Amino acid sequence: MTWWCAASSEPWSWAWRAYPGVWLFIALLAAWGVVALRGNFAREATPAGATVRRAGRIAAFVFGVLFTWMALDWPLGRLGGGYLLAAHTAQYVLLTFFAAPLLLLGLRRGPGDGAGLPGVNPLVSLLVYNALLAATHVPAIVDAMMPTQWGSAIVDLGWLVGGIALWWPALHPDPGKRLSPPIRMGYLFASTLAPTIPAALLMFGDYPYYGVYELAPRALGLSAQQDQQLAGLIMKVIGDPLIWFSTAFIFFRWQARLEREEREEES
Amino acid sequence: MRPDARLPRRPIPGRAIPEAPIEAQLHRPPARSIPGHDAVVAFALAFALAFAGCGCAPSRGGPDTAGGGADSARASGEPGPGRLAGFEAPDPTPKPGFVLTDFDGRPFDFRRDTAGRLTLLFFGYTHCPDVCPIHMANLAAVLSRMPPGEASRVRVVFVTTDPVRDTRARLKDWLGAFDPAFIGLTGTRAELEAALRAAGVAPTVAQPAPGDTSYEVGHAAQVLAYGIDGRLRAQYPFGTRQKDWAHDLPILLGGAPGLAILGAYARILPTRDMGAGYFTIVNRGAAADTLLGVRVEGATHEQLHALKSVGGMVRMVPLGPAPLAPGDTLRLREGGNHFMFDLSPGSSAARAESLSVTLEFARAGATRLRVPVLPYADPAQ
């Protein structure tokens, strides 16, 4: 029975496929989110503007779940599972840079209400994220994992876990445990360094690195070489600008706060 | 061609081919294990190690001792120095003789029209969803990266196993999309079956229902590589990677007509200023030839050496031109004849993983090889 997208010897087609394992995971994630959000809301006071902020958190979580679903299910999950490295990389970008931060933003708590959630040393987070990134991009590991549903599921969920590890210090549900803005900016910048290596290797490699994609029936008219170059491009062109955007956002918010505090002191 | 029992069995779903070679049943075998990738934990180091050692360069396994190189197929893993990534033919049978029609409508005498070229022969069909386009795409990708002079010495010949749907125009269009230099051949069913038999390839299986135009054809999945001496050198089952072709094509091209150069490798001293190289040359041709000398790209000086016992002492003396009569074998090996070269320690060649070596033959001319550099082994130990 096929329950998760994995490499297949069938030629690629746009015929819809069901992946019940993905649905089950998404359902569990959504159900857990509902419980967590309700618990968060129940513990909070409801000052002015709380409703708007809650709507924003609900929206963030819903979009986080939707991005996770989009990354794992047909068609992207199937394409990335065994046909196109570019699609596989798009899954990585969606899970790590979109789904993971949105899920964390959805679980934001009011000040002081994150006591049960540990803060994590940013170096540990970077280590976990980069270790998962490295392991899931090593050709031998990818070639061994992707032809099996369990292997493919582990890689996919590893990216989600890696994404959460990456964003945890920057978007900790408890604002009191988040990194300060300047350190957060440095942290996010540091997170973009290691992925440059696989991205550059993919873009400039002489030959395809991954047998599972090189020997796959071709899809969407891309040669194995073009597919690999596109994958490298996606990794840097989508992943990095998102981090830069986040860094800029943090910077301007921080600046605005400093100015506000200055004005308040002056008055 | 006998099926090689060491090849993994993996049936093509819905496409079992009774009595077909095992290669015909290969379909997306798991990518070969790549040594050195399993212990990756540290992140940045892991990236560099993992990709740098991913097998895109020739492997650096142990040396192939003289004489044994060519005659045993590689069972699995990475090829040894000078060895092929493909399955080396235990019996270098001559190129099959058959005449078919090329996609321009001209008769194509396979043996005559590919003489003197490295010839890659494949039996497939253009409606094939996987094996055929992947083989062709991988070959085209690698040939496009080879120096034009070398690529032009390779002939890729695609013989259709589906003459009904593979019209000459379709063959030309389909192959042209990969590489316009690829040659497509067709013929009557009887002619094609005769060609398959001549090449020692299993017959094809196709049982389309009346009116069915989307049927699949069961066919052997291996590319047969005939050296420029006109003999079968190796077979490449489905699963052969671009890096394998990139590794093997220069080796397959390296042989001067009739001369097989096997098991070539070199070692460089830790001081990086000197090295030695070894290989075996078998003259399988009908004409005598003579090895005149060796050149190593990046070296300042090269010389062929022989070890001779003089007055109870083993001395290294220059080896003059080495004649190779038909059937002769010349072995350059550690502890015996070899070639030495001097390097500038700062040169890129001194730290290269492989060297470009040119052998000068009196008759065949210059033959260039890519020779892997193995770690230095102290002969005193």
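Which residues does A:A100 touch, not counting residues up to four places away in sequence? They are A:L95, A:L160, A:G163, A:I164, A:L166 and A:W167; touching, or being in contact, is when two C-beta atoms, placed from the backbone, lie within 7 Å.

A few ground rules. This is a predicted model, where local features need pLDDT of at least 70, side-chain atom pairs count only at pLDDT 80 or more, and totals for chains, interfaces and linings use all residues. Residues are numbered from 1 along each chain as its sequence is written, while chains are lettered from A and ligands numbered from 1 in the order in which they are written.

Now the cores. A nonpolar core is a set of buried Ala, Val, Leu, Ile, Met, Phe, Trp, Tyr and Cys residues joined through C-beta atoms within 7 Å; buried means 20 or more other C-beta atoms within 10 Å of the residue's own, with C-beta atoms placed from the backbone.

| Core | Residues | Among its members |
|---|---|---|
| Largest core | 136 residues | A:A99, A:A100, B:L120, B:V157, B:F158 |
| Another core, apart from it | 32 residues | B:Y265, B:F279, B:L359, B:V371 |

On to chain B: it has eight helices and 18 strands, and 47% of its 381 residues count as buried.

Over residues 1–77 of chain B, though, pLDDT is below 50. The model scores ipTM 0.83 and pTM 0.70.

Note on methods
Helix = DSSP H or I, 4+ residues; strand = E, 2+ residues; numbered from the N terminus. Buried ≥ 20, exposed ≤ 12 C-beta atoms within 10 Å, placed from the backbone. pLDDT = per-residue confidence, 0-100.
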